Amino acid sequence: AKAPVNVTVTGAAGQIGYALLFRIASGQLLGADTPVKLRLLEIPQAVKAAEGTAMELDDCAFPLLAGIDIFDDPRKAFDGVNVALLVGARPRTKGMERGDLLEANGGIFGPQGEAINAGAADDVRVLVVGNPANTNALIAQAHAPDIPAERFTAMTRLDHNRALSQLAAKLNVGVSDIKKMTIWGNHSATQYPDIFHAEVNGRNAAEAVNDEEWLRDTFIPTVAKRGAAIIEARGASSAASAANAAIDHVYDWVNGTPEGDWTSVALPSDGSYGVPEGLISSFPAVSRNGSWEIVQGLEINEFSRERIDASVRELEEERDAVRKLGLI
Ligand code: NAX
C-alpha cells in the first residue's frame, strides 16, 4: 500500500474548510489509492471548532484517512507537509484600507512560508486560496527561499470553472464540450477570462459565440463578479465551489491535466506573455510529471492584451505595496 500523504489545511474550521476536508479524506484530492493524513491549522480560538470537524471526519470512517492532527502553531502543522492548502486568511473588514489588508495577511503568510521552508517534505506543493490569493502566495514564497518558487501557486480554478459554466450555458452545450479556457492575471475583479483560445466541440469558442458585446458586457463581468453575486444570493461567500476548485487544482497538479486541454493556475511568471518574471499571475497551464508548465505560443489579440495588462498592473501594485511594507 502507498504511504500516507500529509495534507495541511489552514483555516480548517472555516466554511471552505468544512466543504474541503471531507472531500480530501474521501480520496478526491489525490486519488482513490492514496491514503492521507490531515494536519489542520487554526488560530487558537477556532481549534475547538476544528476538533468538532475532526470528530465528524472520524465518524465518516473514510478508509483512506490515516489520521488527523490539529495545531495552532504553523511550525508543527507544516512539519512533513506534502500538500499545503492555505485557506485561512484575514478578510477585509469595514474601513480597512488595502495596505492594512496586505499587512494583516503578511502577518499570516510570512510565518506560514517560513514554517513550510523549515519543515516541508521535498515534494511540497502549495496552493493559496485565502485572499488576496496571488499576493499572499508571493509573500509565503518569499519566506521559503529553500523551496523551488514554482511550488507556490494561487487559485484561479474557481474562476476557470465559473467561466466554463457561463460559456456552456450561453452555447447550450455541456461543460465537458469546452476545452482550453483561460483565466489571466489576478484572482480579483480585474481577472480576464479569455475564450479566444477556447474550443467548443473542436470549434473556436469566440467564433461560436460571435458576439463581442456579450463577451465584453456579460461574460467577463459575470465571471469576474461571481463571488459578489454568490454573497448577494446566499448570504455567505462561495464555499463548496471554492473547495471543489481546490480539489481540481491539486488533483490535476499531481495526476496531470487531460491530453488536449489545459487549465488556469496562478503561478510564478517566467516572463511569458509579457508578465513580469516572478509575479504570481494566472496563466493557461498543463501539468506534466507533477509540474505546471505555462502553455506557450498563444497569440494574444488587442482585446485580450489590454485586459491581461490591466490585471497584471494590479498585481504589480500589490507586489510593490507588500515590498514597501517589508513583507517580501
Ligand atoms: P472563513 O472565515 O469561514 O474561514 C477562515 C478560517 O481561517 C477561520 O476559521 C479562521 O479562524 C481561520 N484563520 C484565520 N487566520 C488564520 C491563521 N493565521 N492560521 C490558520 N487559520 C486561520 O472563510 P472561508 O469562507 O473559508 O474563506 C477562506 C478564504 O478563501 C478567504 O480569504 C476568502 O476570501 C478566500 N476565497 C478564495 C477564493 C478563490 O477563488 N481563491 C474563492 C472563495 C473564497 O472567497
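The legends below describe an overall view and several close-ups of a predicted model. Residues are numbered from 1 along each chain as its sequence is written, and side-chain values use heavy atoms, with hydrogens and water left out. In this predicted model, local features need pLDDT of at least 70 and side-chain atom pairs count only at pLDDT 80 or more, while totals for chains, interfaces and linings use all residues.

**Figure 1. Overall view of the protein, with 11 helices and 14 strands.** The radius of gyration is 19 Å, close to the 20 Å that the globule rule gives for 328 residues, so the protein is as compact as a globular protein of that length. This radius is taken over C-alpha atoms, and the globule rule is 2.2 Å times the number of residues to the power 0.38. Helices (H or I, at least four residues) and strands (E, at least two) are DSSP runs, numbered from the N terminus. The C-alpha trace spans about 50 × 45 × 40 Å along its principal axes. Of the 328 residues, 52% count as buried; buried means under 20% relative accessible area, exposed over 50%, and partly exposed in between (1.4 Å probe, protein chains only).

Figure 2. The record places "domain: Lactate/malate dehydrogenase N-terminal" (unreviewed entry) at residues 6-148, where the chain is 43% helix and 18% strand. It lists residues 156-321 for "domain: Lactate/malate dehydrogenase C-terminal" (unreviewed entry), and this stretch is 47% helix and 19% strand. The end C-alpha atoms are 19 Å apart for residues 6-148 and 22 Å apart for residues 156-321. UniProt positions are given in the numbering used here, feature names are shortened, and annotations may be inferred rather than shown by experiment.

Figure 3. His-187 is in the loop between β8 (182-184) and β9 (192-194). Leaving out residues up to four places away in sequence, His-187 touches Asn-131, Asn-134, Met-155, Thr-156 and Asp-159; contact means heavy atoms within 4.5 Å. Asn-131 is joined to Pro-132 by a cis peptide bond, with omega about -10°. Pro-132 lies in the loop between β5 (125-128) and α5 (133-142).

**Figure 4. Helix α1 (residues 15-25) and its cover.** The buried residues of α1 are Ile-16, Gly-17, Leu-20, Leu-21, Phe-22, Ile-24 and Ala-25. Their cover includes β1 (5-10), β2 (36-41), α2 (47-60), β3 (65-71), β4 (83-86) and α10 (240-255). Just after α1, Gly-27 takes a positive phi of about 105°.

**Figure 5. Ala-115 in helix α4 (residues 98-119).** Ala-115 counts as buried because its relative accessibility is 2%. Not counting residues up to four places away in sequence, Ala-115 touches Pro-74, Arg-75, Phe-78 and Ala-120. Ala-144 is 29 residues from Ala-115 in sequence, and their C-alpha atoms are 8.1 Å apart.

**Figure 6. Positive phi at Ala-61 and Asn-210.** Most residues other than glycine have a negative phi. Ala-61, which is not a glycine, has a positive phi of about 50° and sits in the loop between α2 and β3. With a relative accessible area of 59%, Ala-61 is exposed. Asn-210 has a phi near 50° and is found in the loop between α7 (205-209) and α8 (212-224). Asn-210 is exposed, its relative accessible area being 64%.
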